[in-house]
Amino acid sequence: MPKYHINVKPAPPRFLPPGKYVLIDREEGCLGCKYCVKKLCPYGVYNKREFDSIQLRDTIDYYCRNCLYCVEACPGGTITLMVNPTYLEIGDSYWKPEIITKIWRQAETGMISVSGAGYRGPFAGSGFDDMWTDMSEIVRPTRDGIHGREYISTDIEIGRKLSYLAFDAQGKLPSSTPPLIEIPIPMLFSLPGWGKWGKPVLLSMAKAAKTLNTLFIIPLAQFTKELHPYIDNLGIYIDSLEELSALPKDVKIIEIPYNLSQNFQAIKTSHPQTIVMIKIPLSPEAKQRSLTLTKNGAEVFHFSADDHGLEFAEKPRFIKDIIKDIHLSLVDEGTRDEVTVLVSGGIAMAEHVAKTTICGADGVILDQVLMVALECRLCKDCLQGIPCPIDIENIEPDWGAQRLINLMNAWRDQLLEVLGAMGMRDVRRLRGEMGRAIFYKDVLNEAFASIKRK
Amino acid sequence: MKKLVIFFCQNLSYKKEKIFKVLDFPSEISIRLIPIPCSAEISVGLLLKILETDLDAIFILTCPETSCQSGEGSIRAKKRVEYTQEILEELGLGKDRLVMFEVDDLENLQQIGRNIKKKCLSIT
């Protein structure tokens with residue numbers, strides 16, 4: 001089998017993203033040295049600087065790599081760096097500016113972004129930050145790296161798997177096996193629940209899905225003829241049973257909301273070779289629902305949390321805790337291997353893919369992060385009818401597809417790093433491997449439970 | 001429609017939304033509020049480059065000279081603005097296109113809003 005490879009090409013941003021720091025130059029204190037530190041900048045940012053007429057700013061803040069050479073070396077002490085308030089404005093409490101700028105850099109270069117300024121903590125937090133992956137076998141893949149001779153597979157299968165085969169008296173299978181799709185990365189695409197995305201955005205996502213050979217789930221209302229060439233890599237979401245007749249014939253996977261799940265068998269009989277995915281919003285009932293549906297022959301579940309990875313409840317739990325719960329109860333029932341569990345919501349960084357997999361998901365469905373890769377600033381101005389500040393409706397589909405491909409390459413590389421450091425050679429092995437993760441709560445309990453106040 | 005940009009120091013005690021509300025501009029004036037980490041960030045070159053675009057005027061809201069967090073940020077900004085105003089005068093654009101205001105309190109900010117509107121309408 002040929003190795004899976006993603007072709008990366010730089011896709012520079014159309015609008016310069018705000019830099020983390022702003023350069024403040026006290027020109028009045030300049031001593032007029034013959035060899036100015038500005039000429040000696042190791043990244044040559046002072047030569048590249050221009051005026052950005054959209055942000056009304058010097059572009060130097062974007063090129064600067066914050067090495068502080070000029071700040072340190074200027075004899076007059078005339079140069080200072082200060083945190084950019086525009087930078088702090090982007091995103092929200094979960095999608096922090098650091099996360100968003102990291103996604104932008106990965107989408108631009110297709111490589112793992114390196115922050116050279118060191119990390120001073122904190123080392124634990126809320127959400128995904130209260131678990132650590134165990135990299136104890138870090139010595140393993142270093143011989144020739146993650147892309148070396150030893151192939152690490154990131155394939156996953158989507159569909160129902162039989163736990164055993166039954167044969168009739170002639171030794172033949174009485175019925176056909178259920179349909180199964182194999183995709184080379186454990187990441188699927190879909191659209192976020194908000195926003196107005198134009199045709200170019202849909203086209204670029206479909207193109208990227210085709211190139212990567214993954215799946216892009218799109219509502220039937222947004223499906224047009226232009227997307228038909230990509231049908232092999234499309235999943236279609238339907239809202240009602242009436243839409244079933246309007247489905248294109250050769251679609252491989254359809255998604256239905258939970259309230260249509262009682263019609264699952266009927267849909268299956270009319271579309272036997274199509275995989276039917278059931279979308280279940282994460283709530284306290286999701287566990288019971290998934291157990292019942294698995295008994296009734298469900299194939300694929302899509303558990304969706306909100307954009308911040310929280311369940312829809314009064315006291316919401318975080319996505320990884322619920323998935324862990326659902327995964328373990330499916331294991332207890334002995335039916336975990338029969339269904340595929342896909343998760344969406346709050347997946348913002350590459351490590352979140354590995355972490356949800358450890359908590360028991362087969363793969364993730366990405367939504368908002370793909371828009372960020374296409375330069376979305378999550379300002380949600382479009383919901384109020386204000387024109388998009390980055391004009392996302394008129395992007396070039398090829399450019400958009402390349403940004404998504406780049407991001408997926410960077411994320412897959414990081415997944416490979418995690419797998420390599422764990423000494424694993426297949427992402428399917430990582431599913432539910434909670435022994436290979438450390439949970440902050442458990443560690444606290446182990447250390448301090450005995451001295452807890454009664 | 002008049003287009004103008006307002007730079008404001010992030011150390012002012014008012015947030016972007018608040019300033020927007022207090023200044024209370026009519027719809028025929030389109031404004032952009034841009035936060036800056038310190039008013040000393042603006043340089044003569046930057047101000048002139050901005051006026052090269054289709055913007056009509058720049059206003060800068062800074063902290064009072066005596067209470068600048070960076071020590072001399074407001075003083076530097078003032079000097080640079082004065083110098084740029086001279087250049088604008090020489091070019092024949094008039095120094096009303098670039099004005100700096102020191103923000104003390106809320107009343108002061110409302111007064112500034114009225115001033116900016118008056119200045120804006122006088123620009124042709």
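Biologist: Where in chain A does A:Pro122 lie?
Modeller: Look between a helix and a strand of chain A. Helices (H or I, at least four residues) and strands (E, at least two) are DSSP runs, numbered from the N terminus. A:Pro122 sits in the loop between α5 (97–109) and β5 (131–133).

Biologist: What kind of model is this?
Modeller: Residues are numbered from 1 along each chain as its sequence is written, while chains are lettered from A and ligands numbered from 1 in the order in which they are written. Local features need pLDDT of at least 70, side-chain atom pairs count only at pLDDT 80 or more, and totals for chains, interfaces and linings use all residues, in a model that is predicted.

Biologist: Is the peptide bond from A:Gly121 to A:Pro122 cis or trans?
Modeller: Take the omega angle of that bond. For A:Gly121 to A:Pro122, omega is near 5 degrees. The bond is cis.

Biologist: How far apart do the C-alpha centres of domain 1 and domain 2 of chain A lie?
Modeller: Domain 1 covers 19–89 and domain 2 covers 156–444 of chain A. These bounds come from an automatic or database domain assignment. Between the two C-alpha centres the distance is 44 Å.

Biologist: In what order do the strands of the chain A barrel close?
Modeller: The barrel has 8 strands, and their pairing is parallel. The twist from one strand to the next averages 25 degrees. Such angles run from 0 to 180 degrees between N-to-C directions, with axes as lines fitted to C-alpha atoms, for helices over the stretch in contact. The order is β8-β9-β10-β11-β12-β13-β14-β15.

Biologist: Which residue of β11(A) is the bridge partner of A:Gly235?
Modeller: Strands β10 (residues 234–237) and β11 (residues 253–257) of chain A run parallel, joined by 3 bridges. Two strands pair if DSSP finds at least two bridges between them. The partner of A:Gly235 is A:Ile253.

Biologist: Which residue in β12(A) stands opposite A:Ile256?
Modeller: β11(A) also pairs with β12(A), in the parallel sense, over 5 bridges. Strand β12 (residues 275–281) of chain A is mostly covered, with 6 of its 7 residues buried. Buried means 20 or more other C-beta atoms within 10 Å, exposed 12 or fewer, and partly exposed in between, with C-beta atoms placed from the backbone. Opposite A:Ile256 stands A:Ile278.

Biologist: How many residues of helix α10 of chain A are buried?
Modeller: Helix α10 spans residues 350–358 of chain A and is mostly covered. Its buried residues include A:His352, A:Lys355 and A:Ile358. The count is 8 of 9.

Biologist: Is A:Lys380 buried or exposed?
Modeller: A:Lys380 lies in the loop between α11 (368–373) and α12 (397–422) of chain A. Its phi is positive, about 55 degrees, although the residue is not a glycine. A:Lys380 has 12 other C-beta atoms within 10 Å, so it is exposed.

Biologist: What is the phi of A:Leu56?
Modeller: A:Leu56 belongs to the loop between β2 (51–52) and β3 (57–58) of chain A. A:Leu56 is partly exposed because 18 other C-beta atoms lie within 10 Å. The residue is not a glycine, yet its phi is positive, at about 55 degrees.

Biologist: Which residues is A:Leu31 in contact with, leaving aside its neighbours within four places in sequence?
Modeller: A:Leu31 is in the loop between β1 and α1 (45–48) of chain A. It counts as exposed because it has 10 C-beta neighbours inside 10 Å. Contact means C-beta atoms, placed from the backbone, within 7 Å. Its partners are A:Pro75 and A:Gly76.

Biologist: How far apart in space are A:Glu314 and A:Pro284, C-alpha to C-alpha?
Modeller: A:Glu314 is in the loop between β13 (300–304) and α9 (319–333) of chain A. With 6 C-beta neighbours inside 10 Å, A:Glu314 counts as exposed. A:Pro284 is 30 residues apart from it in sequence, and the distance in space is 9.9 Å.

Biologist: Which element gives the most to the side of chain A that touches chain B?
Modeller: In all, 15 residues of chain A are in contact with 15 residues of chain B. β1 (21–25), β4 (79–83) and α4 (85–89) of chain A each give two or more residues to that side. The element that gives the most, with 3 residues, is β1(A).

Note on methods:
Two residues are in contact if their C-beta atoms, placed from the backbone, lie within 7 Å.
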